[in-house]
Amino acid sequence: MEHISLHHTSCLNDSLTMAQVEKRGGLLRKSSASKKPLKEKVVLMYDEIFMTEDPSKCSPRFWEELFLMKVNLEYLEGKLESLDGEELMKIKDNINCLFQHCIQALGEEHPIRVVNALQTLCALIRGVHQKNKSTSGFDIINMLMGFDKAELCMKNLMESLDSLLCAEGSESLKSLCLKLLLCLVTVTDNISQNTILEYVMINSIFEAILQILSHPPSRREHGYDAVVLLALLVNYRKYESVNPYIVKLSIVDDEATLNGMGLVIAQALSEYNRQYKDKEEEHQSGFFSALTNMVGSMFIADAHEKISVQTNEAILLALYEAVHLNRNFITVLAQSHPEMGLVTTPVSPAPTTPATPLGTTPPSSDVISSVELPLDADVQTSNLLITFLKYSSIVMQDTKDEHRLHSGKLCLIILTCIAEDQYANAFLHDDNMNFRVNLHRMPMRHRKKAADKNLPCRPLVCAVLDLMVEFIVTHMMKEFPMDLYVRCIQVVHKLLCYQKKCRVRLHYTWRELWSALINLLKFLMSNETVLLAKHNIFTLALMIVNLFNMFITYGDTFLPTPSSYDELYYEIIRMHQSFDNLYSMVLRLSTNAGQWKEAASKVTHALVNIRAIINHFNPKIESYAAVNHISQLSEEQVLEVVRANYDTLTLKLQDGLDQYERYSEQHKEAAFFKELVRSISTNVRRNLAFHTLSQEVLLKEFSTIS
């Protein structure tokens with residue numbers, strides 16, 4: 001025994017001499033007596049692991065003692081990063097040994113050991129991955145576990161994490177397990193290149209995630225991390241192989257679980273909406289500049305830009321996957337949320353934790369209970385769809401910033417999936433489900449700020465249409481977001497197809513939509529040269545013209561009253577100059593042998609009924625004015641002429657107006673989602689790197705250990 005302790009002392013002395021050479025900021029402490037830098041014991045033990053010898057030769061209880069020491073994440077990760085590939089290969093056996101002992105320690109009764117093992121695993125996985133970013137070319141699985149033991153190692157690790165997540169035990173341990181899993185998933189920028197995730201596919205923790213979401217106490221604590229983790233796992237090699245998380249998510253039908261997931265998403269989006277509203281009010285009251293310094297990086301503002309809160313693509317991705325993959329989740333969109341108790345008392349301020357981007361951080365649990373502001377004094381319920389529409393109305397305002405452009409696109413993709421779903425359409429158009437939805441409207445010089453109090457109570461589809469109209473009106477600019485416009489018009493078209501099919505007569509201010517569409521056509525024409533250099537504007541023009549064709553051909557089946565059908569004709573006749581100009585433009589391009597010939601000629605053919613209406617009614621209106629000696633006809637007089645001359649109007653029946661191509665992710669959107677998931681993964685990883693692995697809370701919780 002004496003021999004071993006002497007040997008151990010010599011190991012320590014060697015490490016101490018190294019310590020004087022290798023100073024790392026903040027890791028060394030000076031003793032007042034010797035004035036020489038000393039290393040804390042855990043650092044000395046790490047140094048022994050980084051020798052080529054087995055550290056337990058020096059001290060048989062080495063591994064046992066290691067997991068009683070407070071982990072020094074910074075030192076361990078830094079040490080791994082500082083070695084080159086060759087040096088790391090020399091100590092591979094010790095790294096494998098450390099990894100295995102971490103997994104063994106997860107089964108220990110002492111929570112402190114479990115905590116330290118979990119944190120050590122985080123440091124190991126991150127450190128080794130950082131190393132692999134260079135061209136050292138070693139295999140990560142081999143480096144961490146050894147090829148021969150990898151399968152068993154990962155099976156044991158996943159089983160231990162599963163047990164810890166499902167057990168009745170410590171919430172802090174569960175939190176750390178989820179952090180480790182997020183660390184494991186996001187350690188590479190492209191998660192599909194992270195080969196360790198093959199073992200996470202084989203040894204699924206899907207049920208553990210569902211359990212967290214279905215139990216209110218664990219959902220409140222860990223719901224956010226669980227939902228983000230699930231969204232990322234669903235995106236692992238989703239197009240190349242069968243991903244069990246996709247399969248399982250698509251068949252979940254347990255109400256408590258689906259509602260739990262919906263609540264987590266609604267709370268995160270509500271928190272964003274609330275913070276945006278708060279910032280906007282501060283901005284308007286002139287305190288904004290002083291507060292920007294206080295809140296740190298969460299809020300972005302400069303002299304020329306509108307205020308903005310950082311977007312939350314991770315939670316939006318989770319909403320997308322749920323809506324896209326699981327038909328049962330559609331019911332959750334309309335569930336009212338008692339938990340988000342729409343209280344009138346002031347919201348308690350969030351605890352002062354270091355400011356981190358909202359794209360990665362769960363909303364603080366203090367705020368969650370009273371997060372959604374009342375829509376109106378009369379309406380005391382909200383639901384996930386309303387919260388999502390409000391969120392969309394904020395992020396879709398400013399598409400110049402790349403994150404907001406991605407968020408805006410994802411919002412429109414989610415709305416596309418909703419607009420295609422029969423059940424979603426049923427509750428969107430349900431007359432018995434009326435809400436006042438206070439969407440965010442962009443301040444514009446030529447319109448007054450709408451008074452929130454005057455909002456009517458209407459079916460939810462009206463809010464979706466309002467959002468689309470708002471987008472159309474506010475994005476006619478040089479940096480034209482063509483892709484978003486196409487998606488926006490598609491959402492409107494899909495909703496109209498449902499209304500036509502089910503003969504739903506929606507009391508909506510259709511004129512606002514018609515006017516927005518005509519103004520968009522005018523914008524396309526006046527910026528023809530600039531836009532054609534980048535976009536095929538005829539695709540969009542054709543879609544707009546066909547929306548009008550849909551109203552002309554089938555409007556009598558879904559417009560609310562005969563007079564609204566008359567108003568459609570009035571609007572077309574009133575704005576005839578715009579349609580005439582469009583016809584001239586497409587005729588010019590379809591008769592030339594240029595690249596736009598085919599695209600332009602499609603628009604020419606689509607305009608046939610609009611032109612028939614204009615050519616039929618205009619002479620009659622002029623004749624009416626001449627006979628009655630009126631220079632300027634009123635709207636009522638024009639409508640009188642229209643009603644009197646419907647009988648003699650001949651229109652062509654156009655095919656396929658109520659048909660559309662269904663949304664398909666794999667064929668059309670794979671590149672977008674790949675890029676989006678990469679961005680989310682980087683963001684989540686960056687956030688994990690800061691204070692989230694702090695041990696103070698954990699140590700307080702486990703301070704009594706026998």
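**View 1. Glu271 is buried, with a relative accessible area of 2%.** Buried means under 20% relative accessible area, exposed means over 50%, and partly exposed lies in between, with a 1.4 Å probe and protein chains only. The model is predicted: local features need pLDDT of at least 70, side-chain atom pairs count only at pLDDT 80 or more, and totals for chains, interfaces and linings use all residues. Residues are numbered from 1 along each chain as its sequence is written, and side-chain values use heavy atoms, with hydrogens and water left out. Glu271 forms a salt bridge with Arg274, their closest N and O atoms being 3.3 Å apart. A salt bridge here is a side-chain nitrogen of Lys or Arg within 4 Å of a carboxyl oxygen of Asp or Glu. Arg274 is buried too, at a relative accessible area of 10%. Both residues belong to helix H16 (residues 255-285), where they are 3 residues apart, about one turn of the helix. Helices (H or I, at least four residues) and strands (E, at least two) are DSSP runs, numbered from the N terminus.

**View 2. Asp398 and Arg404 meet through their side chains in a salt bridge.** The N to O distance is 4.0 Å. Asp398 is buried, with a relative accessible area of 8%, and Arg404 is buried, with 3%.

**View 3. Glu635 forms a salt bridge with Arg511.** The closest N and O atoms of this pair are 2.5 Å apart. The pair links distant parts of the chain, 124 residues apart: Glu635 is in helix H33 (residues 635-644) and Arg511 is in helix H26 (residues 510-526). Glu635 counts as partly exposed, at 28% relative accessibility; Arg511 also counts as partly exposed, at 28%. The structure holds 34 salt bridges.

**View 4. Glu528 lies in helix H27 (residues 528-532).** Glu528 is buried, with a relative accessible area of 15%. Leaving aside residues up to four places away in sequence, Glu528 touches Ile537, Met585, Arg588 and Leu589. Contact means heavy atoms within 4.5 Å.

**View 5. The axes of helix H28 (residues 537-558) and helix H31 (residues 597-606) come within 9 Å and cross at roughly 15 degrees.** Because of this angle, H28 is roughly parallel to H31. Angles under 35 degrees count as roughly parallel, over 145 as roughly antiparallel, 65 to 115 as roughly perpendicular, and the rest as oblique. Axes are lines fitted to C-alpha atoms, for helices over the stretch in contact, and angles run from 0 to 180 degrees between N-to-C directions. The crossing of H28 and H31 is left-handed, that is, the near helix is turned anticlockwise from the far one by less than a right angle; clockwise would be right-handed. Phe538, Ala541, Leu542, Val545, Asn546 and Asn549 of H28 make the contact with Ala599, Ala600, Lys602, Val603 and Ala606 of H31.

**View 6. Helix H18 (residues 313-325) and helix H35 (residues 670-688) pack at an angle of about 135 degrees.** Their axes are 9 Å apart. The angle makes H18 oblique to H35, and the crossing is left-handed. On H18 the contact residues are Glu313, Ala314, Leu317 and Tyr320, and on H35 they are Phe673, Leu676, Val677 and Ile680.
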